[in-house]
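Visitor: I would like to learn how to read a helix in a model like this one. Could you walk me through it?

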Amino acid sequence: MKILLSLLLLLAPTAAMAQEQKKPQSMRDAADSFRICRTIPEERRDQSAGRRVAQAWIDSAPSGAEERLPRRELMEAMVKAYAAYMGERKAYGAIGCSEGILDRVENQNWSSFHQGIREVLMKQGMGDLMTPGTTAGQ
């Protein structure tokens, strides 16, 4: 029993110290994330980022005019909505990464980022806003 109690006492400060060591993200973190996400494609990360930006855009209650934007401008609006959401939480790394992915794929016809956006839009009955096969910039 004493051993168990001693072990618990040793672990308790370790958990508290782990939480204290988490430092706030900076604009440097955003720049590093932007650079990494822009240069290194990673399918799962890109698709997940697409889902997150689309959901943030939907949560921002977009206007009908925004829904009619060309594809490139629509993706920019989604990333901007996500940046506003994550900026409130000071999650600058996530902002940088989503902007880096957008910068890398915005001129592509289709990518895992586009697919992630489409998944969320389909669930909302808005799948026609992001379809494969449309020309880049449309």
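Visitor: How far does helix α5 reach from its first C-alpha to its last?

Guide: Keep in mind that this is a predicted model. Helix α5 covers residues 71-88, 18 residues in total, and spans 26 Å between its end C-alphas. That is close to the 26 Å expected at 1.5 Å a residue.

Visitor: Which residues of α5 are buried?

Guide: First the general idea: an α-helix has 3.6 residues a turn, so residues three or four places apart point the same way. In α5 the buried residues are Arg71, Leu74, Met75, Ala77, Met78, Val79, Ala81, Tyr82, Ala83 and Met86.

Visitor: And what covers the buried residues of α5?

Guide: The cover includes α3 (43-59), α4 (64-67), α6 (92-105) and α7 (112-123). After α5 comes lysine 90, with a positive phi near 55°.

Visitor: Let us turn to glutamine 47. Why does glutamine 47 count as buried?

Guide: Burial is judged by relative accessible area, and the cut-off is under 20%. Glutamine 47 counts as buried because its relative accessibility is 17%. This residue lies in helix α3. Leaving out residues up to four places away in sequence, glutamine 47 touches Ser112, Phe113, Gln115, Gly116 and Glu119.

Visitor: Now the whole chain. How many helices and strands does the protein have?

Guide: There are seven helices and zero strands. Of the protein's 138 residues, 35% count as buried. Among contacts with a separation of 6 or more, 73% come from residues 24 or more positions apart. The protein exposes about 8,800 Å², with carbon and sulfur atoms supplying 56% of that area.

Note on methods:
Residues are numbered from 1 along each chain as its sequence is written. This is a predicted model: local features need pLDDT of at least 70, side-chain atom pairs count only at pLDDT 80 or more; totals for chains, interfaces and linings use all residues. Side-chain values use heavy atoms; hydrogens and water are left out. Helices (H or I, at least four residues) and strands (E, at least two) are DSSP runs, numbered from the N terminus. The expected span of a helix is 1.5 Å times one less than its number of residues. Buried means under 20% relative accessible area, exposed over 50%, partly exposed in between (1.4 Å probe, protein chains only). Contact means heavy atoms within 4.5 Å. Accessible areas come from the Shrake-Rupley method with a 1.4 Å probe; for residues, only the protein chains shown count as cover.
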